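This report covers a sheet, a domain division and a helix pair. The structure is shown first.

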Amino acid sequence: MSFFSVENLNINLGEFKLQQVSFDLDRMDYLTVIGPTGAGKTILLESIIGFWQPDEGRIYIEEQDITNEPPEKRRIGIVYQDYALLPHFTVYENIAYGLKKKQKQGIKEKVHEIAISLNIDHLLHRMPLTLSGGEQQRVALARALIVEPRMLLMDEPLSALDPKTRRETRGLLRHAIERFGTTVIHITHDMEDVWSLANKVAIFKDGCMLQFGALEDVFNRPKSEFIAEFVDATILKGMVRENRDGISIIDVNGFKLTSLDDATPGEKVRVAIRPEDIIVAREVPRDISAHNVLEATLEMIVREGKTSSLKLRVRDSLITVLVANSTLHRLDLKPGDRIYAVIKGANVRIV
Ligand SMILES: Nc1ncnc2c1ncn2[C@@H]1O[C@H](COP(=O)(O)OP(=O)(O)OP(=O)(O)O)[C@@H](O)[C@H]1O
Ligand SMILES: [Mg+2]
């Protein structure tokens, strides 16, 4: 049995239902949960912590059925967006708080050890309200981790922080999680969290878990248009024309795509392409190993910090491409330009 399992979880809250959620985690997995607002992400976390009693389904941790256990017996920690520190206690007392119920000795050493790992050891004498948001969140993390929870749940823990603090806190969080070997479920709206922290990802919508899996699988092979859009990938529908030694040639609405995935001629398929797997060029590239060189019209450029998202039209299909802004300048790209999209066969994935 896996380290942690949710089996067919159903929770009926009247207007909202969490429906048939099942997934397993191994020890030290880092799962990020993503999905639009109102999808049921927080309800999922609150049912794992024991705040909601499911109408159906079971939750197991370390082979123990915890579905009917009260929250305090589950040994699962939780960190919210608002740090929820005890305002009249010092940072030291806040961190030591949970531990005091568990042990009497070695508290000081343990508080210092965890404070060092989260870079808050110089703040232990301070009162929480004198700290910055990032510092308060590190204290909240320390307080949750010090009791060595079997699992740590986090509901948008970094979203109240400014981008620079968020990056720093993310780094310290990763460091602490690795050091303590914690198994994590982390709800986020920030794809940076997903890319830099998680090894697994789950996508929720309307109370249902649409896809769950290893990060690469979900991002490279989104199972639906909705998921593809959510993870910025392009999905194209087509029909397999030929299979040459396991390499598929696919007809997509007036153009051909070559994929290294195996498929049967005549089969209707959907292919997914990641925006960072496409190279744009002014000329047809010479001696290139990529199987796909598509003529495209640049329809739109959306600046996103150091990178830009381009919408390319190839016949009737729209394809999203991510490029560095330096590429944009080097190629002097403008909406309306005729360019080429170059895609390796390995990056055209049948989903
Ligand atoms: N106590 C409750 N009774 C009935 N419905 C509730 C209750 N709490 C939350 N809901 C509803 O359940 C749905 C899912 O809520 P949830 O907080 O899990 O969304 P979420 O995915 O975390 O969204 P966000 O990204 O905005 O935090 C929402 O439509 C919400 O209004
Ligand atoms: Mg929420």
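Five strands form an open sheet in the order E13-E12-E11-E14-E20, with antiparallel pairing. E13 (255–259) and E20 (349–350) stand at the edges with a single partner strand each, so one side of each has no neighbour in the sheet. Strands (E, at least two residues) and helices (H or I, at least four) are DSSP runs numbered from the N terminus, and two strands pair if DSSP finds at least two bridges between them. Strand E11 (residues 234–244) pairs with strand E12 (residues 247–252) in the antiparallel sense over five bridges. Arg-244 has Ile-247 of E12 as its bridge partner.

This is a predicted model, in which local features need pLDDT of at least 70 and side-chain atom pairs count only at pLDDT 80 or more, while totals for chains, interfaces and linings use all residues. Residues are numbered from 1 along each chain as its sequence is written, and chains are lettered from A and ligands numbered from 1 in the order in which they are written.

The domain bounds below come from an automatic or database domain assignment.

| Domain | Residues |
|---|---|
| domain 1 | residues 4–220 |
| domain 2 | residues 234–350 |

The centres of domain 1 and domain 2, taken over C-alpha atoms, are separated by 38 Å.

The axes of helix H2 (residues 91–100) and helix H3 (residues 107–117) come within 10 Å and cross at roughly 125°. The contact (C-beta atoms, placed from the backbone, within 7 Å) involves Tyr-92, Ile-95, Ala-96, Leu-99 and Lys-100 of H2 and Ile-107, Lys-110, Val-111, Ile-114 and Ala-115 of H3.

Technical notes
Axes fitted to C-alpha atoms, helices over the stretch in contact; angles between N-to-C directions. Contact = placed C-beta atoms within 7 Å.
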